[in-house]
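Please keep the sequence and the model in view while going through the numbered points.

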Amino acid sequence: MAAVPKAARLNAPFLDAYWMRDLMDAAIAHNYLVKGLNLLWPETDYTPDKPNYIEMELPLTAALTAAVWRVTGENNWVPRLLSVLWSSGAIVLFYLLGRQFLSRDATLAATWVFALSPINLFMGRKFMPEPLT
């Protein structure tokens, strides 16, 4: 249920809030697609005349996006869909964790609050590593 509002406009350009991080991860995924997949050497497109390796967390979302792009071609909906899937999985894990400590009703209420929180709805569709981690 929480995936429905996140899935709206999956193919929208990466120009909403925090767009710089979206574009950086898109550049990394593009370079993985074009230059080969090397998780330890993520590269952006800041300057065209030299390598643009950057320090960051392990770019699993960009790597998975590049792998799917090999089949679908480059687009905006693949990384957003991956983020929606990861963040929806987090809702399930949140529920399972809550059941360890709370009653069923309390866990359902907490899960609904978590699933429909504005930060989860917004960040759960961004092309960033956060939905995966």
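**Note on the helices, the core and selected residues**

1. Helix 4 and helix 5 pack with their axes 9 Å apart and at an angle of about 150°. An angle over 145 degrees counts as roughly antiparallel, and helix 4 and helix 5 are therefore roughly antiparallel to each other. Their crossing is right-handed. It should be kept in mind throughout that this is a predicted model.

2. Which residues form the contact of helix 4 with helix 5? Helix 4 contributes Ala 90, Ile 91, Phe 94, Tyr 95, Gly 98 and Arg 99, while helix 5 contributes Arg 104, Thr 107, Leu 108, Ala 110, Thr 111, Phe 114 and Ala 115.

3. The chain as a whole may now be considered. The model contains six helices and zero strands, and the order of elements from the N terminus is α-α-α-α-α-α. Taken along the principal axes, the C-alpha atoms fill a box of roughly 60 × 30 × 25 Å. Of the 133 residues in the chain, 38% are buried. Among contacts between residues at least 6 apart in sequence, 64% join residues at least 24 apart.

4. Helix 2 (residues 19-35) and helix 3 (residues 60-72) have axes 8 Å apart and pack at an angle of about 50°. Angles from 65 to 115 degrees count as roughly perpendicular and those under 35 as roughly parallel; helix 2 and helix 3 are therefore oblique to each other. The crossing of helix 2 and helix 3 is right-handed.

5. In this second contact, Asp 25, Ala 26, Ile 28, Ala 29, His 30, Tyr 32 and Leu 33 of helix 2 meet Ala 62, Ala 63, Thr 65, Ala 66, Trp 69 and Arg 70 of helix 3. The residues involved divide into nine nonpolar, two polar and two charged.

6. In soluble globular proteins, nonpolar side chains tend to be buried together. The largest nonpolar core of this model has 15 residues, and those touching the most other members are Ile 28, Ala 29, Tyr 32, Ala 62, Trp 69 and Phe 127. At least two residues of this core come from each of helix 2, helix 3 and helix 4 (77-101). Helix 2 supplies the largest share, six residues.

7. What does Ile 28 touch, leaving aside its neighbours within four places in sequence? Ile 28 is in contact with Pro 42, Glu 43, Thr 44, Ile 54, Met 56, Pro 59 and Ala 62. Two of these partners, Thr 44 and Met 56, are taken up in the next two points.

8. Thr 44 lies in the loop between helix 2 and helix 3. Its relative accessibility is 1%, so Thr 44 counts as buried. Not counting residues up to four places away in sequence, Thr 44 touches Met 24, Ala 27, Ile 28, Asn 31, Asn 52 and Ile 54. The C-alpha atom of Thr 44 is separated by 9.2 Å from that of Leu 23, and the two residues are 21 residues apart along the chain. Leu 23 lies in helix 2 and is partly exposed, with a relative accessible area of 37%.

9. Is Met 56 buried or partly exposed? With a relative accessible area of 25%, Met 56 is partly exposed. Met 56 lies in the loop between helix 2 and helix 3. Its contacts, not counting residues up to four places away in sequence, are Arg 21, Met 24, Asp 25, Ile 28 and Pro 42. Met 56 and Arg 70 are 14 residues apart in sequence, and their C-alpha atoms are 24 Å apart in space.

10. Most residues other than glycine have a negative phi. Tyr 18, although not a glycine, has a positive phi of about 65°. Tyr 18 is placed in the loop between helix 1 (3-6) and helix 2, and at 52% relative accessibility Tyr 18 counts as exposed.

Technical notes:
Residues are numbered from 1 along each chain as its sequence is written. This is a predicted model: local features need pLDDT of at least 70, side-chain atom pairs count only at pLDDT 80 or more; totals for chains, interfaces and linings use all residues. Side-chain values use heavy atoms; hydrogens and water are left out. Axes are lines fitted to C-alpha atoms, for helices over the stretch in contact, and angles run from 0 to 180 degrees between N-to-C directions. Helices (H or I, at least four residues) and strands (E, at least two) are DSSP runs, numbered from the N terminus. A crossing is left-handed if the near helix is turned anticlockwise from the far one by less than a right angle, and right-handed if clockwise. Contact means heavy atoms within 4.5 Å. Ala, Val, Leu, Ile, Met, Phe, Trp, Tyr, Cys and Pro count as nonpolar, Asp, Glu, Lys and Arg as charged, and the others, Gly among them, as polar. A nonpolar core is a set of buried Ala, Val, Leu, Ile, Met, Phe, Trp, Tyr and Cys residues joined through side-chain atoms within 4.5 Å. Buried means under 20% relative accessible area, exposed over 50%, partly exposed in between (1.4 Å probe, protein chains only).
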